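The following exercises concern one structure, and each is followed by a worked solution. Please study the sequence and the structure before reading on.

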Amino acid sequence: DAGVIQSPRHEVTEMGQEVTLRCKPISGHDYLFWYRQTMMRGLELLIYFNNNVPIDDSGMPEDRFSAKMPNASFSTLKIQPSEPRDSAVYFCASSPGLGRETQYFGPGTRLLVL
Amino acid sequence: GQSLEQPSEVTAVEGAIVQINCTYQTSGFYGLSWYQQHDGGAPTFLSYNGLDGLEETGRFSSFLSRSDSYGYLLLQELQMKDSASYFCAVRDEAAGNKLTFGGGTRVLVKP
């Protein structure tokens, strides 16, 4: 399997622009997670889906952030409008279940908002 | 809510043994996991403890004491490639089954 795939790997944009991050989970995994990692706040869970349904979005920082999972093989995280404080590495992860906590992380998208 | 405490940094030489402690506070503890992350890379799963005791995977072992809300990751026969950040994480059923990560321990292995 190719593992979790994320695109783009790097994104540089200007404040106020819309940013869309994409993720393809491992086939057969029922859970998909979006994380954000910064030096100041560490690794934070933003939202997670089970069978394409959002289960917990309490980590989404504000209304500028939205996430969708239209089917089992694709998810997006959108920031509109983007702000410099959104600069971070965004990871997507997938898991076959919540049992042994083995989450498989994608390579991440490094976002810089100028 | 949940909170996890782990040391911020540990330095050791090749061949040595390093123990990274993790203490946690949760409402509905389910299990303790450990992840490794190299600079510029993604977190990768190392081990999981759902019950008290020691789990061994090669040079790495993980221990859990539920009564003490405490666990550790033991890195043996350290190699240069073990230089990375190590995160403990807990899933708290009382907090919606989210996986909460500690702040990470940066391990620097010197020759």
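**Exercise 1.** Leaving aside its neighbours within four places in sequence, with which residues is Ser3(B) in contact?

Solution. The model is predicted: local features need pLDDT of at least 70, side-chain atom pairs count only at pLDDT 80 or more, and totals for chains, interfaces and linings use all residues. Residues are numbered from 1 along each chain as its sequence is written, chains are lettered from A in the order in which they are written, and side-chain values use heavy atoms, without hydrogens and water.

Step 1. Ser3(B) lies in strand E1 (residues 3-5) of chain B, strands being DSSP runs of at least two residues, numbered from the N terminus.

Step 2. With contact taken as heavy atoms within 4.5 Å, the partners of Ser3(B) are Thr23(B), Tyr24(B) and Gln25(B).

**Exercise 2.** Determine how chain A and chain B meet.

Solution. Step 1. In this interface, 18 residues of chain A touch 18 residues of chain B.

Step 1. About 1,600 Å² is buried between chain A and chain B, with carbon and sulfur atoms giving 54%; buried area is the accessible area (1.4 Å probe) that two parts lose on being put together, summed over both.

Step 2. On the side of chain A that touches chain B, strand E4 (31-38) and strand E5 (42-50) of chain A each supply at least two residues. E5(A) gives the most, with 3 residues.

How values were computed:
Helices (H or I, at least four residues) and strands (E, at least two) are DSSP runs, numbered from the N terminus.
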